[in-house]
Amino acid sequence: MASIYQSIEILSKEKGIDPQIVLDAVKDAMLAAARKQFRTQEDLVADLDEQTGGLQIYSIKRVVDAVEDPVKQITLAAALKLDDKAELGADVREKKPMDVLGRISAQTAKQVILQKVREAERDSVFSEFQGRQGELVNCVVKRVEGQDYIVDMGKTEARLLKKEQSRVESFSVGDRVRCVIKGVERGGKNSGVVVSRAAPELVVRLFEQEVPEIYDNTVSIKACAREAGERTKIAVFSRDRDVDSVGACVGMKGMRVQSIIRELRGEKIDIIEFSDDPVLYVTKALSPAKISRVTIVDPVEKHMEVVVDDLQLSLAIGKRGQNVRLAAKLIGWKIDIKSEEEKRREMESRMGDMVMSGAPVSVLMDHGMTEAMVEKLVGAGIGTVERLGSMTPEELEAIPGIDEEVVTRIQSSVVAYYSQYDNAETQDAAEEEAPADQSAIEAAIDRESVAIELDGEHPEPFRNIETGVLERDLAKHEQALLEETDEGEVLDLGKVEGLSAAPSSLRSFAHADLSGVESLESDTIVKIDHSATK
């Protein structure tokens with residue numbers, strides 16, 4: 001039986017667990033087998049003899065004067081036969097026969113031992129790998145279970161799930177793969193260590209191995225967004241002005257990044273420079289597309305709108321939206337991407353909505369409508385004056401609480417509301433078109449009157465009143481009709497074509513080539529004195 005200790009030592013080393021845990025598992029197994037064999041309610045304990053290495057089962061009973069429960073109590077006289085040091089109130093142990101434990105009990109003990117050891121192994125793995133998430137490990141494919149790979153990590157096995165695999169990769173038993181520890185599951189079907197080849201941390205760890213500047217923290221990786229097998233975007237930042245962060249990751253002739261691409265089976269990698277300015281950051285994150293402008297919609301919720309040229313829209317969105325999706329993951333903002341044409345239509349639609357929205361019905365309270373009427377209209381879904389004005393009396397009466405009298409009052413308020421705009425327009429038009437009054441015209445004529453000296457043929461001077469009428473307008477009507485009056489012949493300029501309108505300005509004539517004209521008055525009547533020409 002001394003070999004039990006050796007077996008426990010060997011098992012504990014193989015599983016990487018504490019030998020005391022294995023020993024406790026063996027004791028629990030023996031107790032389970034004994035309870036199943038003896039079918040008793042006694043308190044049983046298992047003890048391992050360190051000298052002989054044998055296991056012994058004992059039942060525990062309390063020493064009392066009067067036994068009430070024979071299963072758990074014993075008299076003092078009976079207890080002294082088992083232990084000469086027994087006393088009242090103490091516990092004594094009574095041996096149970098071990099030879100009666102048969103094959104079924106042994107099988108039960110085996111199952112209990114395996115279960116306990118498995119739980120102890122799972123706890124040991126959990127405690128060891130719980131703090132190692134994101135760590136890069138080298139594994140060997142051990143076997144294939146369905147669509148999952150079971151890989152050997154040395155001390156334990158790990159599971160590479162289907163969802164944690166790149167769609168362009170496939171492995172065979174014995175292949176060496178580099179993975180990152182995704183997590184540790186304590187219970188369930190997939191309990192144990194879970195590794196991943198699709199996590200963004202894999203790309204980060206590969207860059208840390210390939211780029212010395214990242215390893216010594218001269219260049220840091222700020223963010224990484226990845227769709228395994230398709231494309232990865234990674235943002236880097238340099239703490240040294242003399243070190244180009246993007247150039248350090250790319251390497252001479254692209255050697256550094258090409259080795260990572262080969263490890264990822266040809267996956268495309270975009271390396272961009274990190275920026276604290278979200279506008280500049282998203283402009284670089286959406287490369288290779290050219291961005292026209294960026295608008296921050298909500299800085300708290302991290303929502304922005306990006307506008308690109310119509311020809312750049314498909315490039316900015318990417319295949320199945322991949323480019324903009326990765327950019328949003330990389331910067332941590334919600335991105336709405338639109339073309340110039342789409343943005344223009346949106347603005348036109350928004351402006352149209354603003355024009356069509358109209359004034360609220362509450363403005364009618366200034367034109368005779370009560371607050372109760374306004375509340376009834378708003379409750380019926382009528383929120384603007386324009387909507388109210390387009391409704392018929394029958395439609396208004398269909399609203400609860402509105403009768404014919406209220407309809408009449410509503411119509412009066414609407415008419416009064418629109419009348420204020422009509423009156424304002426009429427007044428403005430009148431102010432623009434109204435001519436100056438008569439006194440203003442006569443004052444202007446008096447100020448601008450000048451004496452014109454006539455030549456030798458016209459010795460008597462006359463005054464030329466400014467009327468705004470050009471000389472050529474008078475000259476072209478030489479045969480205008482004359483009217484005979486007591487004061488002589490009179491020419492009515494009102495009957496002359498083109499001269500009937502009131503003058504808008506006044507001007508002086510430098511010369512007057514009108515024979516027999518004595519004077520010209522502002523009332524458009526010219527008197528002609530034939531005696532002046534004789």
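Residues are numbered from 1 along each chain as its sequence is written, and side-chain values use heavy atoms, without hydrogens and water. In this predicted model, local features need pLDDT of at least 70 and side-chain atom pairs count only at pLDDT 80 or more, while totals for chains, interfaces and linings use all residues. The protein has 18 helices and 21 strands; these are DSSP runs numbered from the N terminus (helices are H or I, at least four residues; strands are E, at least two). Of its 534 residues, 36% count as buried, where buried means under 20% relative accessible area, exposed over 50%, and partly exposed in between (1.4 Å probe, protein chains only).

**Helices α5 and α8**

- Helix α5 (residues 200–210) packs against helix α8 (residues 255–263) at an angle of about 140°, and their axes are 10 Å apart. That makes α5 oblique to α8, since angles under 35 degrees count as roughly parallel, over 145 as roughly antiparallel, 65 to 115 as roughly perpendicular and the rest as oblique.
- Axes are lines fitted to C-alpha atoms, for helices over the stretch in contact, and angles run from 0 to 180 degrees between N-to-C directions.
- The crossing of α5 and α8 is right-handed; a crossing is right-handed if the near helix is turned clockwise from the far one by less than a right angle, and left-handed if anticlockwise.
- Leu206, Phe207 and Glu210 of α5 make the contact with Arg256, Val257, Ser259, Ile260 and Glu263 of α8 (contact means heavy atoms within 4.5 Å).
- By type, the residues of this contact are 4 nonpolar, 1 polar and 3 charged (Ala, Val, Leu, Ile, Met, Phe, Trp, Tyr, Cys and Pro count as nonpolar; Asp, Glu, Lys and Arg as charged; the others, Gly among them, as polar).

**Helices α9 and α11**

- Helix α11 (residues 322–331) and α9 pack at an angle of about 145°, with axes 9 Å apart, in a right-handed crossing.
- On the α9 side, Tyr281, Val282 and Ala285 meet Asn323, Ala327, Leu330 and Ile331 of α11. The residues of this contact are 6 nonpolar, 1 polar and no charged.
- Helix α11 is mostly covered, with 7 of its 10 residues buried. Among the buried residues of α11 are Asn323, Ala327, Leu330 and Ile331.

**Aromatic pairs**

- The structure holds 4 aromatic pairs (rings of Phe, Tyr and Trp, with its six-membered ring, pair if their centres lie within 6.5 Å; planes under 30 degrees apart are stacked, over 60 edge-to-face, the rest tilted).
- Phenylalanine 237 and phenylalanine 274 have ring centres 6.3 Å apart and planes at 85°, so this pair is edge-to-face. The two are 37 residues apart and link distant parts of the chain: phenylalanine 237 lies in strand β11 (residues 231–238), and phenylalanine 274 in the loop between β12 (268–273) and α9 (278–285).
- Phenylalanine 237 is partly exposed, at 33% relative accessibility. Phe237, Phe274 and Tyr281 form one aromatic cluster.
- Tyrosine 417 and tyrosine 418 also pair edge-to-face, at 5.2 Å centre to centre and 75° between the planes. Tyrosine 417 is buried at 8% relative accessibility, whereas tyrosine 418 is partly exposed at 33%.

**Aspartate 83**

- Aspartate 83 sits in the loop between α3 (76–82) and β4 (91–95) and is partly exposed, with a relative accessible area of 32%.
- Aspartate 83 and arginine 93 are 10 residues apart in sequence and 8.2 Å apart in space, C-alpha to C-alpha.
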